[in-house]
Amino acid sequence: MSLLDWVTGKITCPRCGTNGAKEINGTIHCPNPTCSYFSKTMGKAEATAPAETVTVSQPPEAEPYAGPAPAGSFAIRYRNFRGQEKSFIAEAASARRKKNHIIVRVEPKRVTISLSRDRILNLSDVEAAFPQPVAPGQEWPTGAERRVLTYHKGRGSTSPLYEKIRAKYPNW
Ligand SMILES: [Zn+2]
């Protein structure tokens, strides 16, 4: 134990041996999530910055949707993991597909959510509402294909391989 650890009260967890545990009022708080002494209050400094978007298994509450969506937006009907059906009004300009998810900003709070395509009940309407990088039913390009597409598209350059991949994904 270093002097600093002693000053801050940090100890080595007696159960798993992880450094940086803390004894508070006789209870061990361990930063190791797999340890039975694990405490959520520990290890916050190591927490990574929040991602740009979050995959939600339970999307935020939204008012039930009735009637046509306003201009520039479209409706998404979604069944969550509990089997509950939710409706969202989504901003068409914010929508993009990423692999098997639709990432889109929804009303009323304009939060960006990521919805599994498998759970979208009106998927054909949703995918008709904004440009698609792949054709319906087409496989998502592989990592190597995407790197080639992104590389040449970003530079406005080309190569025989790029032309070949581009022919498969003309809307990429
Ligand atoms: Zn521990």
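The model is predicted: local features need pLDDT of at least 70, side-chain atom pairs count only at pLDDT 80 or more, and totals for chains, interfaces and linings use all residues. Residues are numbered from 1 along each chain as its sequence is written.

**Stop 1: E1 and E2.** Select residues 10-12, strand E1, and residues 19-24, strand E2. Strands here are DSSP runs (E, at least two residues), numbered from the N terminus. The two run antiparallel, joined by three bridges. Two strands pair if DSSP finds at least two bridges between them. Now pick isoleucine 11; its bridge partner in E2 is alanine 21. Next, look at the turn. E1 and E2 form a hairpin with six residues between them. Glycine 17 in that turn has a positive phi of about 85°.

**Stop 2: E2 and E3.** Click lysine 22: histidine 29 in E3 stands opposite. E2 and E3 also form a hairpin, with two residues between them. Asparagine 25 in the turn has a positive phi of about 50°.

**Stop 3: asparagine 171.** Select helix H4, residues 160-168; asparagine 171 lies in the segment after H4. Helices are DSSP runs too (H or I, at least four residues). Is asparagine 171 buried or exposed? It counts as exposed because it has 10 C-beta neighbours inside 10 Å. The cut-offs are 20 or more other C-beta atoms within 10 Å for buried, 12 or fewer for exposed, and partly exposed in between, with C-beta atoms placed from the backbone. Finish with alanine 135. Alanine 135 and asparagine 171 are 36 residues apart in sequence and 8.3 Å apart in space, C-alpha to C-alpha.
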